[in-house]
Amino acid sequence: MSQSFVFGWHAVDAITREEPQRLKKVWIQKGRRDRRVGDVIRRLDDLGVSWEQVHRRELDQRVNGVHQGVVAAVAEARAWQENDLMDLIERTEAPLLLVLDGVTDPHNLGACLRTAEAAGVLALVAPKDKSAPLNATARKVSSGAAETLPLVKVTNLARCLRRLQDAGLWVIGSAGEAGATLHQADFRGGVALVMGAEGKGMRRLTREHCDQLIRIPMVGAVESLNVSVATGVCLFEAVRQRGEAP
């Protein structure tokens, strides 16, 4: 089985809690003595996972990013398929999904994963092509959300959106030129929120498969928000609505 690296304390801590069976070995920077280090080391010992304290330069050589003093070698995560997504939806009342179209920056993917997990999203959906990889950087930025929130990569996004509609979900897309605003959308039922890449937005075919297009009201001079920020704005409007009595 192939392996990859996860780094950063939130990401490594999440792996030890959520998917400890994937852990192969953990390297911790020498000189760290704080409580977080002690908690993770005790958990690794309880799990029987090998760990080693090393100099920072060795961690720097293993990963390209801000590792915060911890790196873990892990088995590749389960690859979620489109049919797995449909099974999840069937078992969930009023599911909330996040769909990313054309988001290619791993930092943005990680930030969207983190926000989506905090908002109670069931799964994040993205196309297999022209989409950010779930690499070590995305996992680190997600602060552990990548280890708990399913990321479903689909071959044909338009077809997947049709399947979601057939399953009873309302597909809402964010577009700067939309007539309706975010606050006019109804997020209280089964919803798939579609966010496009910053600048280009959603692809034409993706846009055509949305049941409704909305825009975030903007009153300042800037024309658009970073996709991860816009995603947070939209998702937490959904959280607000779904927390209210119908």
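How much area do domain 1 and domain 2 bury between them? This tour begins with that question.

**Before selecting.** This is a predicted model, in which local features need pLDDT of at least 70 and side-chain atom pairs count only at pLDDT 80 or more, while totals for chains, interfaces and linings use all residues. Residues are numbered from 1 along each chain as its sequence is written, and side-chain values use heavy atoms, with hydrogens and water left out.

**Stop 1: the two domains.** Select residues 4-74 for domain 1 and 82-242 for domain 2; these bounds come from an automatic or database domain assignment. Their C-alpha centres are 31 Å apart. The contact (heavy atoms within 4.5 Å) draws 14 residues from domain 1 and 8 residues from domain 2. Together the domains bury about 860 Å², with 62% of it on carbon and sulfur atoms. Buried area is the accessible area (1.4 Å probe) that two parts lose on being put together, summed over both.

**Stop 2: three residues of domain 1.** Select F7, H10 and A11, which supply 38% of the area that domain 1 buries against domain 2, more than any other three residues.

**Stop 3: a helix pair.** Select α4 (residues 82-90) and α7 (residues 157-166), whose axes come within 11 Å and cross at roughly 20 degrees. Therefore α4 is roughly parallel to α7, a term for angles under 35 degrees. Axes are lines fitted to C-alpha atoms, for helices over the stretch in contact, and angles run from 0 to 180 degrees between N-to-C directions. Helices are DSSP runs (H or I, at least four residues), numbered from the N terminus.

**Stop 4: where the helices meet.** Finally, select E82, N83, L85, M86 and I89 in α4, which meet R159, C160, R163 and L164 in α7.

Technical notes
Helices (H or I, at least four residues) and strands (E, at least two) are DSSP runs, numbered from the N terminus. Angles under 35 degrees count as roughly parallel, over 145 as roughly antiparallel, 65 to 115 as roughly perpendicular and the rest as oblique.
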